[in-house]
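Here are some notes on side-chain and helix packing, for reading beside the model. Please check each point against the coordinates.

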Amino acid sequence: MSKALFLNNLGHGHVNPTLGLVNELIKRGEKVTYFCSEDFKEKIESTGAVFKVYQGESNPLKEKYNISGGWSITKFLNYINEILDSSEKIIKDILYQIKDIKFDYIVYGSMFPFGNIIAQILKIPSVSSFAIFATPEEIIAQGKDLMDRNLIKNHPVMDTYKKVAKNLKEIHNVKMPDKLINLLFNKGDINIAYTSRYFVSHMEYYDDSFKFIGPPVYDRKENLDFPFEKLEGKKVIYISLGTVFNNFNSKLYDVFFKSFSNTDDVIVMAAYNVDLSQFHIPSNFIIRNYVPQSEILKYTDIAITHAGMNSISDLIYNNVPFVSIPIGADQPYMAGRASELGATISLDKYKLTPEILEDSVKKVLTDPSYLENIKNISSSFREAGGYKKAVEEILKLKEKNSVLI
């Protein structure tokens with residue numbers, strides 16, 4: 001039995017893909033210690049892992065990045081600056097909590113800024129969990145309208161990054177990435193990508209260290225307290241804008257209500273921590289803070305999604321037609337790639353109207369090419385090998401390292 005250290009960002013999109021991986025490792029006899037925030041304690045412990053929480057009153061990793069009031073490059077850079085400024089305390093905390101444990105390898109979210117650093121300090125093999133498929137260049141290109149290069153260049157985060165890189169080199173003899181953005185795309189000795197080679201573009205970025213395992217399909221034992229009987233025999237439209245950018249603009253919800261209020265369809269909407277008190281909720285809408293998505297998809301005729309990695313993978317894997325409204329992060333890439341492959345219509349969040357949404361939903365439902373193309377991608381997902389393949393690759397890395405030692 002070997003011991004694995006997991007380090008991850010806060011956020012369902014980062015944690016959820018790793019749960020099946022942890023569970024599969026534990027089934028194979030591995031012992032896993034997983035660091036995250038208290039919000040994810042129950043989920044992580046349900047896999048069989050030992051849960052540890054990031055400590056320290058001022059530790060920015062204890063609370064999820066808040067984009068209330070709207071996303072901006074300034075707010076994001078301020079958040080990164082806060083994390084970097086706390087790097088010494090964060091690293092000390094993690095090392096202190098594991099000081100009596102000898103780990104055989106480490107797995108970390110690719111966007112966890114200190115994962116590769118901890119791997120270098122501990123001198124153990126590293127595995128990076130890639131929940132984002134857009135390359136750094138694609139993220140920059142797709143967000144060019146929001147990117148003020150002068151603002152980025154002159155933001156305090158640049159000096160903080162240089163200072164932290166210098167200190168870590170002097171104290172721990174570790175090397176940080178040359179560019180700040182690569183701190184959010186930390187590669188490991190091997191990299192687990194929750195998709196297929198068929199789905200991603202720009203293959204020159206994905207070298208042999210990337211192991212494509214397909215989407216993170218895992219029974220998370222969701223709470224099934226939901227009125228499924230109301231979906232029986234009905235056309236069901238499922239709407240979800242995820243849990244991060246879902247408060248981006250309340251006008252989007254107004255569009256949803258106006259588009260589907262006068263129909264016989266049942267609209268299931270996930271609106272995580274969204275204040276909808278300003279709206280009159282149509283009677284054919286079922287709205288929950290959280291819904292059991294895997295079960296809902298069994299009834300869904302068509303979905304409207306923000307095109308987050310977990311959601312779009314679930315939809316494709318289950319052969320559910322969908323319309324995309326990407327909002328931020330890697331969502332424009334995910335929606336764009338699915339659109340390139342003929343699997344969705346991607347809509348502009350700023351120009352969305354009830355007429356545009358209704359027409360798009362109708363087209364995706366009535367044009368059989370969308371479902372055919374979804375099935376092509378779904379087949380590539382199913383052939384990728386899943387969590388069993390990921391564990392095989394991790395154990396091969398572990399064995400290779402033990403031979404070298």
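1. Contact here means heavy atoms within 4.5 Å. The model is a predicted one. On that contact criterion, Ile 91, Ile 94 and Leu 95 of helix H4 meet Ile 117, Ile 118, Ile 121 and Leu 122 of helix H5.

2. Two packed helices are described by the angle between their axes and the distance between those axes. H4 spans residues 87-97 and H5 spans residues 115-122. Their axes come within 11 Å and cross at roughly 50°.

3. Aromatic pairs deserve a look: the structure holds 14 of them. One is Phe 112 with Phe 114, in an edge-to-face arrangement. The ring centres are 6.2 Å apart, with 85° between the planes. Planes over 60 degrees apart count as edge-to-face, so this pair qualifies.

4. Are Phe 112 and Phe 114 buried or exposed? Phe 112 has a relative accessible area of 0%. Phe 114 also has a value of 0%. Buried means under 20%, so both residues are buried. Phe 112 and Phe 114 belong to one aromatic cluster with Phe 35 and Tyr 54.

5. Tyr 206 and Phe 210 form another edge-to-face pair. Here the centres are 4.9 Å apart, and the angle between the planes is 80°. Both Tyr 206 and Phe 210 are buried.

6. One charge–ring arrangement should be noted too. The charged end of Arg 382 sits over the ring of Tyr 317, 3.9 Å from the ring centre.

Key: Residues are numbered from 1 along each chain as its sequence is written. This is a predicted model: local features need pLDDT of at least 70, side-chain atom pairs count only at pLDDT 80 or more; totals for chains, interfaces and linings use all residues. Side-chain values use heavy atoms; hydrogens and water are left out. Rings of Phe, Tyr and Trp (its six-membered ring) pair if their centres lie within 6.5 Å; planes under 30 degrees apart count as stacked, over 60 as edge-to-face and the rest as tilted. Buried means under 20% relative accessible area, exposed over 50%, partly exposed in between (1.4 Å probe, protein chains only). A charge sits over a ring if NZ of Lys or CZ of Arg is within 6 Å of the ring centre and within 35 degrees of the ring normal. Axes are lines fitted to C-alpha atoms, for helices over the stretch in contact, and angles run from 0 to 180 degrees between N-to-C directions. Helices (H or I, at least four residues) and strands (E, at least two) are DSSP runs, numbered from the N terminus.
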